[in-house]
Amino acid sequence: PGVHGVQRRLDGDRAVELARVGDVDASSEGGLLGLAINPAGDGLFVYYSTARDNRIARYPFDGRAITGDPEVILDNIPVASIHNGGQLAFGPDELLYASTGDATERGSAQDRNSLSGKILRLTQDGRAAPDNPFDNEVFSLGHRNVQGLAFDDSGRLFASEFGQNTFDELNLIDRDRFEMCWIVDFPMYEINDKTGNIDFSHNPFSMPQGGIEALAGQEPEAP
């Protein structure tokens, strides 16, 4: 993908253009930010910035080429010059997970009714997954700017996140650890950008603004 909204695939040593996403605003940290193909292989999902919002669209896909017009499945995700999130990943449940940034409005990350500063969990037509904790699109809240989503072989979801000036995070998003909600875990590791040291984070309340919100007063075991 490229920030100006051009989707390409590799064909041997050649990059073949698939589509150009319309209305992309590639200023600052905006642009074409995320791509994911659904498990059936018939849908290519894109997360991108426009002048007024971030949004997610689905392109019909046959494994090699776009076969029709895109459909926007979720829009009105807050946009800003920085902190737009944009990662997409399909989980073992075949649902679409999408990260959104706080769009420089820190308080919105803790607002359960805002789409910013979250990990969203969606059906493939953009609706909230039926068993999400707040009866809306939100699966995990309190994020600053998640830049990576990945599932391991056990189906656990990990999210990488930028700190302000130091202490980037790798977080385990654990729906089973807390009784109140399927939300969050404490940072597993924090990386000090100045020293390069990797530290286990044992104090959930020392994380940078927008880090994963703690909903219960228990600490994880050290790895």
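**Exercise 1.** Is tyrosine 97 buried or exposed, and at what relative accessibility?

*Solution.* Start with the ground rules: this is a predicted model, where local features need pLDDT of at least 70, side-chain atom pairs count only at pLDDT 80 or more, and totals for chains, interfaces and linings use all residues. Residues are numbered from 1 along each chain as its sequence is written, and side-chain values use heavy atoms, with hydrogens and water left out.

Next, apply the cut-offs: buried means under 20% relative accessible area, exposed over 50%, and partly exposed in between (1.4 Å probe, protein chains only). Tyrosine 97 has 4% relative accessibility, so it counts as buried.

**Exercise 2.** Which aromatic pair do phenylalanine 45 and phenylalanine 90 form, edge-to-face or stacked?

*Solution.* First, the rule: rings of Phe, Tyr and Trp (its six-membered ring) pair if their centres lie within 6.5 Å; planes under 30 degrees apart are stacked, over 60 edge-to-face, and the rest tilted. The structure holds three aromatic pairs. In this one, the centres are 5.2 Å apart with 70 degrees between the planes, which makes it edge-to-face.

Now place the two residues: phenylalanine 45 sits in strand S4 (residues 43-49) and phenylalanine 90 in strand S7, 45 residues apart. Strands here are DSSP runs (E, at least two residues), numbered from the N terminus. Phenylalanine 45 is buried at 0% relative accessible area, and phenylalanine 90 is buried at 15%.

**Exercise 3.** Where is asparagine 84 found?

*Solution.* Look in the loop between strand S6 (71-77) and strand S7 (88-90). Then check burial: asparagine 84 has a relative accessible area of 2%, so it is buried.

Key: Helices (H or I, at least four residues) and strands (E, at least two) are DSSP runs, numbered from the N terminus.
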